[in-house]
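Have the sequence and the 3D view open as you read.

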Amino acid sequence: MLVADDNPVIGDALRALLETEPDIEVVAVAGNAGEAVELTELLSPEVAILDVRIPGGGGAWMAKEIRRRVPRTRLLAFSAHSDSRSIAQMASAGVTEYLVKGSPNTEIVAAIRRLCANSANGTE
């Protein structure tokens, strides 16, 4: 699992939440889009959680680059923005789950598990 968010509080909170789950390991936290792409390429995590509005290229660019370079990594957008344009941009960039910041922790974990199950089944 890789977390990409320019707000260190969000990155740390997601890491802390996910590391309480015995079947989820956070391998890196990136603070900008370029770093997230590089770390994903280096570490090949099963899932990447991506902030939509992140410096260094933005969420859609980051998602497209990750899908191009590491197509097996599944993508989850995690954003304060729930407008249809942001959701559509991320979906067209290859994101298959989209959660709004403030979603219950159980929803975050469930979305990650869905992505992992889809990855194991070879589906999107």
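Buried here means under 20% relative accessible area, exposed means over 50%, and partly exposed lies in between. Please keep in mind that this is a predicted model.

## Asp51

With a relative accessible area of 5%, Asp51 is under the 20% cut-off and therefore counts as buried. You will find Asp51 in the loop between strand E3 (47-50) and helix H3.

Leaving aside residues up to four places away in sequence, Asp51 touches Ala4, Asp5, Asp6, Gly59, Met62, Phe78, Ser79 and Lys101. The UniProt record, an unreviewed entry, places the feature "modified residue: 4-aspartylphosphate" at Asp51; such annotations may be inferred rather than shown by experiment.

## Glu19

Glu19 sits in the loop between helix H1 (8-18) and strand E2. Not counting residues up to four places away in sequence, Glu19 touches Ile24 and Val26.

## Helix H2

Helix H2 covers residues 33-43, and its buried residues are Ala33, Gly34, Ala36, Val37, Leu39 and Thr40. These buried residues pack against strand E1 (2-4), strand E2 (28-30) and helix H3 (58-69). In an α-helix there are 3.6 residues a turn, so residues three or four places apart point the same way.

At the start of H2, the backbone nitrogen of Gly34 has a side-chain oxygen of Asn32 within 3.1 Å. After H2 comes Ser44, with a positive phi near 45 degrees.

Notes
Residues are numbered from 1 along each chain as its sequence is written. This is a predicted model: local features need pLDDT of at least 70, side-chain atom pairs count only at pLDDT 80 or more; totals for chains, interfaces and linings use all residues. Side-chain values use heavy atoms; hydrogens and water are left out. Buried means under 20% relative accessible area, exposed over 50%, partly exposed in between (1.4 Å probe, protein chains only). Helices (H or I, at least four residues) and strands (E, at least two) are DSSP runs, numbered from the N terminus. Contact means heavy atoms within 4.5 Å. A polar contact is a pair of N or O atoms within 3.5 Å; within protein, one must be able to donate a hydrogen and the other to accept it, and residues adjacent in sequence count only if both atoms are side-chain atoms.
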